[in-house]
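Here is a short report on one protein model. Look at the structure first, then read on.

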Amino acid sequence: MKNKYRILKIAVTVILLGFLLSFSLKKFSGQKITDDKISVKMSEKASVYFIDEKDIREIVKKENPSGKVGELDIPALEKKINALPAVDSANVYLNLNGRLNLDIIQRVPVFRLNTNGRDFYVDGKGTEFPISKTYSHPCMLVTGNVKKDEYEKVAELVEKIDKDDFSKKYFIGISKDNGNYNLLTSEGNYKVEIGDLNNIEFKVKGFKTFVEKYLVFQDPEKYNMVSVKYQNQIVTTLNPYFKDNDSILKAGNKELAKNPVTTVKKAEDKPKVAEVKKQVKKPVAAAKKAKIPVQPKKVKKAEKKTPVEKPKRKAKVKIE
């Protein structure tokens, strides 16, 4: 009995709402949607300005030239706004008082990618969208042959850098060269090689240790590259154009001069067996012609050591 009462109550409510909606549509269908009856709300998650309220109002006017409520196709208008590259999602609806509401969330760029002559933004979902002619959003610049299936991981890396004060201070860009990712630094001309996009936190921690223990006491121009892509080790490459590195590089060249690389002669450089035999036979043949007796080589025999005889003891003679 109670279930029947609830079903009846829900049915009556739906009927009343449908009646009110149809009544309101009939009432406001002939009215025009003026500017004061259009409410546009942009996303408040981040300050992005790829599209503004003025752009949305112009789209509404194009989709509904008459301006009448009854002739407005809300699903078509919502689809049109969602098709904008810089729009993540849009929700369009009418109030019972004839007010048109448009709730819009814009895409927020995580990084800007420059690859193969193209330049565009990528959001946290890994979605590409073009650069605006009227607005430039400040974000990390990424260069190199970055594939689409890597967009989300690169976005995660950029977000980790933005959240960490140390990383945000040092890293200003990302490049991909020969399959390896590099973090570009704000100090000096060196780059931090991280290899792939795995174990990013561990790699950044290793670079942080290098900075705190070594780099703070040195000129950052000293290095050309600091590699943290190898497990449990940091490899540095010196800058050949840094003056203080001249002595180190010269010392390295001296060490190479002390221990030059010896070249091994090829087997062809060795005299052949036949040639050796000829060289041995020549003096024998000459001796025969001059009738000089050739003495055979004396072969030293191993001399046998004669055992040393021990002196015999004299017999003791007893005198009685």
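Helix α2 passes helix α3 in a right-handed crossing. This comes from a predicted model. Two packed helices are described by the angle between their axes and the distance between the axes. For α2 (residues 53-63) and α3 (residues 74-82), the angle is about 140° and the axes lie 10 Å apart. Angles over 145 degrees would count as roughly antiparallel, and 65 to 115 as roughly perpendicular. α2 and α3 are therefore oblique to each other.

Which residues of α2 and α3 meet? From α2 come Ile-56, Ile-59, Val-60 and Glu-63. From α3 come Ala-76, Leu-77, Lys-80 and Ile-81. By class, this contact has six nonpolar residues, two charged ones and no polar ones.

Now the whole protein. It has eight helices and 12 strands. The table lists some overall values.

| Property of the protein | Value |
|---|---|
| Buried share of the 320 residues | 28% |
| Share of contacts between residues at least 6 apart in sequence that join residues at least 24 apart | 49% |

One residue elsewhere is worth a look. Glu-156 lies in helix α4 (residues 151-163). Is Glu-156 buried, partly exposed or exposed? Its relative accessibility is 44%, so Glu-156 counts as partly exposed. The cut-offs are under 20% for buried and over 50% for exposed. Glu-156 and Lys-125 are 31 residues apart along the chain, and their C-alpha atoms are separated by 9.8 Å.

Notes: Residues are numbered from 1 along each chain as its sequence is written. This is a predicted model: local features need pLDDT of at least 70, side-chain atom pairs count only at pLDDT 80 or more; totals for chains, interfaces and linings use all residues. Side-chain values use heavy atoms; hydrogens and water are left out. Axes are lines fitted to C-alpha atoms, for helices over the stretch in contact, and angles run from 0 to 180 degrees between N-to-C directions. Helices (H or I, at least four residues) and strands (E, at least two) are DSSP runs, numbered from the N terminus. Angles under 35 degrees count as roughly parallel, over 145 as roughly antiparallel, 65 to 115 as roughly perpendicular and the rest as oblique. A crossing is left-handed if the near helix is turned anticlockwise from the far one by less than a right angle, and right-handed if clockwise. Contact means heavy atoms within 4.5 Å. Ala, Val, Leu, Ile, Met, Phe, Trp, Tyr, Cys and Pro count as nonpolar, Asp, Glu, Lys and Arg as charged, and the others, Gly among them, as polar. Buried means under 20% relative accessible area, exposed over 50%, partly exposed in between (1.4 Å probe, protein chains only).
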